[in-house]
Each structure stands twice: as structure tokens, then as C-alpha cells.
Amino acid sequence: MSPSSRVVRFQIGPRPPERLDKALARDVPEEAALSRSRLARLIDEGAVRVNGAVARGAKARIAEGDTIEIRVGEAVEAAAAAQPIALDVVWEDDDLIVVNKPAGMVVHPAPGSPDGTLVNALLHHCGDSLSGIGGEKRPGIVHRIDKDTSGLLVAAKSDRAHHGLAAQFEAHSAMRHYLALVHGVPDAADPRLRGLSGVSFEAGNILKIATQLGRHRTDRQRQAVLASGGRHAVTRARVVESFGTPGQAALLDCWLETGRTHQIRVHMAHAGHGLIGDPVYGGRRRLSARALGPGGAAALAAAQAFPRQALHAATLGFTHPVSGALLSFEAPLPADMAGLIETFRLKSE
């Protein structure tokens, strides 16, 4: 055994699941901080012994009273580089960190964005406080927001937190609200929306969009609403404020029942209310300077020049995966969106 390894020893309790992997997930001591996925890898690596013998695989039979010994290597350094990039940290403890990501920052290194990402920044900020995700000293990213979307994102600093957070996002139990500036004003009285596939309104003039989402048939970089296939996606939205007479734009509170790639952007475009500044899904709809009131030309110019999709992850809520505490966070609108809203307000009075 390597000097840097640790050994976790325990016994299987009464009436265990028949499979080794399930029994380990149930009975491994909580303080060992080993997720199901980590345990599965340790079994595959031959690091798990049952009554002194190396386990034969995840499906190996197990019985009450069996003695388990797991040899866990220390977390290795992450492949991505730690970079001293400023972060707006909203919350942090030993297990997780919540940040307010600025627009323009990629979340995870990828081809075309090998560094300068949120992960690079977290590696530097967290340093030795990262206990390891899947055996590697890295932050556990359980959800993402687009490069040009600002707002709240939570990352795990430990394996136990990563597993617990991932389960909540997979079950869609985490609360996520976004603020979006869109073309037009969604309204249940709009005849254009009646009969539009997947679009309906709930009590309180709440817009509901429920469709299948998947890759666009001809442009693989885009997502699209599909008649069949893809993954089920549900978005709800309510109007917070409207601008112009008749309404030319609206600030929406959007919340997700599911979390698919580009979901809000695609769904709002499908409903004919594409996000202002969205270069991919914004569509051809244009604002009317006249309808925006005196000085509306300036408001129109500001909207046309807005450099990104006007979308901000404003609220994030979840159960702390270790303490069980209910946590909720809010991030104020960034200066660019707040400025555009103020321009609309001034020009639509």
C-alpha cells in the first residue's frame, strides 16, 4: 500500500443487498466520503477486499457480517491548471462553493477554451481544500450555465458533496430561477400562442413550455424543439415587467423543471419571445422605437448592441448534501442587464 493511501474498514450490516456495489453504497461509513461512482471505480481497480480476498466485481455476492477493506489512494492533482482568476464567492464551506459567474467565462475546459475557465479559477481558489472528486483534486461540476450567461453556480469540493448534489440535479429538486430579457410580452390572450405545440398558460398568466429538446438536425452546435426523440424539457415563466406600448420587451422570471442545454433560450425562441442579444436563438424579431416612446431610438440601439443573451441565473436553492440544511442564494442583475432595463424604463415612460 502506498504511504499516501488510507484504508477504510467496516462490516456489512443486516439484510444487505445481494450485490457488492449496492451493499458498499449502503454501509460504507459516511466519514469515508466515498460516492457510489467512486466505490464502483475502486472495485474495478481491485482496491476492495471482502474477508481478505480481492472482490471479483460489482455484482459479487455479499453477506451480513462480511469484513470490507477498501484501499483509497490520495486524490491526484487535476489535469487542468490552477489559475489566479478573481471569483465572486457567494458561499463556501468544506464541501461546496457557490459562485456568481460573470458573463464571458466558460465553466469547464474544453477544446477552444483550454484555460481561463471557472474550473481553473476554482482550482486556484480552493487549493488544498479540495479533498478529491473521483480520486482527482478538482471541483465537482454538477450543472453548467452558458459562457455568456451570468449568475449562480454550485460546485462540490468533496466526493460526498458531489454525489449528493448530482442526485438533486438529476432528480430536478434543485431550485433555479433565471431573469431574462425577451422580445415581446408573453400573454395568455395572445392568439399567436394558442395551439403552438407545447405552449400553454397556467393560473396567474404563467407561461409553460413543455417539449422534447435535442440537437438540431442540420446544425449540431444548436439545440432544437423536436416532434419526437430528444429529452423532455419544461420551462415556466412569468412577466416581471414589460416595456413599450404595445409591449416590445419584457423582463421574465423563468424557472426550470428540467435542466437541458440552452433550454430557456430554445424554449423562449420557440414561443416567439427570443432573448435579446441571443446570437443563436434570438430570431428576426425587432423592437419598435416608436412603441418604446420618446427617445425609443436610443433604447432600440442599446438592445441591438447588447453583446450577449440577456440571461442571468438569479436564484439557486438546494439541500446541503452533507448537513441537510436548506440553502437559497440570490445574485443581483449584472451591470449590463440592469443598464439595459433602466434604458427601457426611461424610454418607455
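Ring pairs join Trp91, Phe318 and Phe329 into a cluster. Rings of Phe, Tyr and Trp (its six-membered ring) pair if their centres lie within 6.5 Å, and planes under 30 degrees apart count as stacked, over 60 as edge-to-face and the rest as tilted. By this rule there are 3 aromatic pairs.

Before continuing, the basis. This is a predicted model, in which local features need pLDDT of at least 70, side-chain atom pairs count only at pLDDT 80 or more, and totals for chains, interfaces and linings use all residues. Residues are numbered from 1 along each chain as its sequence is written, and side-chain values use heavy atoms, with hydrogens and water left out.

The rings of Trp91 and Phe329 have centres 5.8 Å apart and planes at 55 degrees, so this pair is tilted. Trp91 belongs to strand S6 (residues 89–92) and Phe329 to strand S18 (residues 326–330), 238 residues apart; strands (E, at least two residues) and helices (H or I, at least four) are DSSP runs, numbered from the N terminus. Trp91 is partly exposed at 31% relative accessibility, whereas Phe329 is buried at 9%. Buried means under 20% relative accessible area, exposed over 50%, and partly exposed in between (1.4 Å probe, protein chains only).

A stacked pair is formed by Phe243 and Phe344, at 5.2 Å centre to centre and 25 degrees between the planes. Phe243 lies in strand S15 (residues 231–243) and Phe344 in helix H7 (residues 335–347), so the pair ties together parts 101 residues apart in sequence. Phe243 is buried, with a relative accessible area of 0%, and Phe344 is buried, also with 0%.

Finally, Leu96 lies in strand S7 (residues 96–101) and is buried at 0% relative accessibility.
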